[in-house]
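Notebook open, structure loaded. I want to look up a few spots and jot down what turns up.

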Amino acid sequence: MRYAGTVAVLALSLVLATGVAGGERRSAGQEFPSGVTRETVTEGRSVYLGKGLCYVCHGRRGGGVERAGSSLRDTLWYHSDGSYRSITELTRRGISARASATNIPMPPRGGSEIDEEEVRAAAAYVWWISRGGDPGGPGPRQ
Ligand code: HEC
């Protein structure tokens, strides 16, 4: 009996470790929001650091820039409930000076030319780093 139990535990650990049980949406204990994969987050990082201009105001690693944009890596949200949906919405719409906690506005899409898909990808990257994900990105699947 004891032996059977141990075997079951080992088998279960193996399944969890290889990710079979959680499917490919799992990473470091995080459940990706619906429609988001590690590829979306990786793509979002390039948008964030490139065309989306997010890094200009929020820092290259999302830690924030004084007198520009707040940190996107702390658990403090001024305008969002921290959900992927609300981060996407904010990224799309921006934040008016009146609504801003610092009176500094965020232009819609950060003032950049990114399209809807890139908005979602950038938001997925922000979602990722806000949950303690590596700012370097999720990396390739193990
Ligand atoms: C021109 C500067 C600027 C750029 C570029 C910019 N932001 Fe912002 N962002 C801000 C400011 C300012 C705030 C509001 C901070 C406050 O209320 O004090 C903000 C807030 C946010 C918030 C809400 C944070 C919270 O605490 O609720 C998110 C999410 C966000 N930005 C994402 C992005 C993304 C993604 C991009 C790139 C597409 C981006 N931002 C580009 C200036 C910028």
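Predicted model: local features only at pLDDT ≥ 70, side-chain atom pairs only at ≥ 80, totals over all residues.

I started at Thr 40, which lies in helix H2; helices here are DSSP runs of H or I with at least four residues, strands are E runs of at least two, and both are numbered from the N terminus. Residues are numbered from 1 along each chain as its sequence is written, and side-chain values use heavy atoms, with hydrogens and water left out.

**Thr 40.** Buried or exposed? Thr 40 has 18% relative accessibility, so I put it down as buried (under 20% relative accessible area; exposed is over 50%, partly exposed in between, with a 1.4 Å probe and protein chains only). Leaving aside neighbours within four places in sequence, I find Thr 40 in contact with Gly 35, Ala 121 and Ala 124 (contact is heavy atoms within 4.5 Å).

**H5.** Ala 121 and Ala 124 are among the buried residues of H5, a list that also includes Trp 127 and Trp 128. Twelve of the 15 residues of H5 are buried, so the rest of the structure largely encloses this helix. At the N-terminal end, Asp 115 is the cap, with a side-chain oxygen 3.1 Å from the backbone nitrogen of Glu 117. Just after H5, I noted a positive phi of about 85° at Gly 132.

**Core.** The largest nonpolar core holds 15 residues, with Val 41 and Trp 128 making the most contacts inside it (such a core is a set of buried Ala, Val, Leu, Ile, Met, Phe, Trp, Tyr and Cys residues joined through side-chain atoms within 4.5 Å). H2 (38-49), H4 (84-93) and H5 (116-130) each give two or more residues, and H5 has the largest share, seven.

**Iron.** What coordinates the iron atom of the ligand? I find His 58 (NE2) and Met 106 (SD), at 2.0 to 2.1 Å (donors are N, O and S atoms within 2.8 Å of the metal, or 3.2 Å for Na, K and Ca). His 58 sits in helix H3 (residues 54-58) and Met 106 in the loop between H4 and H5, so the pair ties together parts 48 residues apart in sequence. His 58 is buried at 12% relative accessibility, whereas Met 106 is partly exposed at 22%.

Notes:
Polar contact = N/O pair within 3.5 Å; in protein donor to acceptor, adjacent residues only side chain to side chain.
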